[in-house]
Amino acid sequence: MSAPLRSEGWSVRPSFVPHGPTSPVTLLSDESGLTQLAGEPAVAWQTPWSELANLQLVRFSKGMALFATADGVRYCWRHRKLTDYEAVREVVLAHGGTVERRRRRAGMLVVAIVVLAASLAGGIGALLNHGSSGARELADARAVNLSLKDLPSSWAAFPTGVVSPLSAIFPPADQVVTSSTTPTTAPPTNSVWGRVSSLFQRCIGVSAARDRVYGAAGQMPDYQVSSKIFTSPLGDVTLASTTQYYNTTTMVKRDTAEMSRANFGSCFATSNVALVLAVFGSAIPTSNIGVEWRPLTFVRGWSRGGVAEITQPGATRPLHLVMAVISSGHYEVTLGALVAKWPESKSFLANLVNTLLARMTSSSSTAV
């Protein structure tokens with residue numbers, strides 16, 4: 001039995017009702033259940049402990065996150081301080097939950113970002129230093145990416161400090177990768193990069209030497225920058241994009257030629273599922289588990305996509321990882337989404353592909 005708890009200063013994602021308040025949140029706990037007071041003036045929601053599943057408290061170096069599943073929806077309450085940590089911990093353990101302390105997996109995330117430079121359409125095999133005045137191109141690359149303005153008004157940026165599986169694929173929004181990035185030596189075949197790239201190359205039928213996506217024939221963009229990770233109110237869709245600007249349109253055309261192979265979309269989705277699972281310490285697939293997806297586009301340009309099922313560690317049901325690559329002119333853009341329902345989300349994601357493609361083709365960085 002745990003003592004009654006009142007803890008202020010939380011936020012919650014998703015909201016308990018469409019367009020409902022997500023902060024400030026006060027959590028109240030007693031033997032009957034968990035009560036949330038959200039917004040100003042406060043609106044109360046009380047949930048009996050019997051209706052809460054997979055209770056989990058995660059402590060970070062600064063702050064904490066409380067997770068619970070209610071009626072099939074996974075909620076996350078986030079606090080930026082540790083003031084009430086011990087009291088919350090006692091409540092979680094008293095009701096059969098788990099407690100863990102999570103440190104950044106620095107080594108694995110570095111590996112993931114290195115792999116990302118390969119998997120996000122451009123390749124890392126040949127680290128080419130093209131040079132560029134840069135300011136306009138980088139600004140254009142940032143402007144191409146998804147933003148909250150492209151999404152329904154109820155969407156939000158993914159909560160700070162909460163780890164999304166998409167963070168294994170998409171670097172932080174404030175990180176810029178350039179063609180002058182220091183090259184790394186090729187990793188052994190049993191490394192994350194080696195296993196993911198080998199899986200992709202077997203799947204698509206290309207040698208490591210000729211592969212432009214993960215292999216030695218790849219090329220670095222002048223600039224690569226990602227959007228934030230965004231989430232729907234119910235948390236049933238999370239998505240992000242990365243834009244790469246290349247020095248010449250010929251570089252993009254050569255990448256696009258490989259990505260135009262018939263099974264590129266399914267193989268690309270499979271390799272990114274493998275990347276996410278490897279970064280989070282799970283077994284990766286050994287063959288193609290994806291299916292092709294051709295987004296219906298109305299803007300001139302090239303796009304391909306693929307979808308593969310993925311089960312996150314600790315999750316009660318599988319999700320679908322949807323990956324789309326779009327190219328035009330100097331740009332290659334990768335869109336990634338984790339969705340609870342497929343193909344119901346197909347038209348929504350196709351509209352986003354069209355949005356990105358339209359923005360790419362109207363950029364001030366014209367083809368040369």
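Modeller: A search of the whole structure finds seven aromatic pairs. Rings of Phe, Tyr and Trp (its six-membered ring) count as a pair if their centres lie within 6.5 Å; planes under 30 degrees apart are stacked, over 60 edge-to-face, and the rest tilted. One of the pairs is Tyr75 with Trp77, which is tilted, at 6.1 Å centre to centre and 35° between the planes. Both Tyr75 and Trp77 are buried, where buried means under 20% relative accessible area, exposed over 50%, and partly exposed in between (1.4 Å probe, protein chains only).

This is a predicted model, in which local features need pLDDT of at least 70 and side-chain atom pairs count only at pLDDT 80 or more, while totals for chains, interfaces and linings use all residues. Residues are numbered from 1 along each chain as its sequence is written, and side-chain values use heavy atoms, with hydrogens and water left out.

Trp293 and Trp342 form an edge-to-face pair, at 5.5 Å centre to centre and 85° between the planes. Trp293 lies in strand β14 (residues 290-293) and Trp342 in the loop between β17 (331-339) and α7 (346-361), so this pair ties together parts that are 49 residues apart in sequence. Helices (H or I, at least four residues) and strands (E, at least two) are DSSP runs, numbered from the N terminus. Trp293 counts as buried because its relative accessibility is 4%; Trp342, at 17%, counts as buried too. Elsewhere, ring pairs link Phe200, Tyr214, Phe264 and Phe268 into a cluster.

The search finds two cavities of 30 Å³ or more. On a 1 Å grid over the protein atoms alone, a cavity is a set of points where a 1.4 Å probe fits but cannot get out, and lining residues have an atom within 4 Å of a point. A volume is the space filled by probe spheres set on the points, which are joined across faces, edges and corners.

The largest cavity has a volume of about 90 Å³, and its lining includes Trp10, Trp49 and Ser7. β1 (5-13) and α1 (85-94) each supply at least two residues of that lining.

The second largest cavity holds about 40 Å³. Trp77, the partner of Tyr75, is among its lining residues, as are Phe16 and Trp45. β3 (33-38) and β4 (43-48) each supply at least two lining residues here, and β3 gives the most, with three.

Conventions: 1 Å grid on protein atoms, 1.4 Å probe; cavity = no way out; pocket = protein on both sides within 12 Å on 5 of 7 lines; lining within 4 Å.
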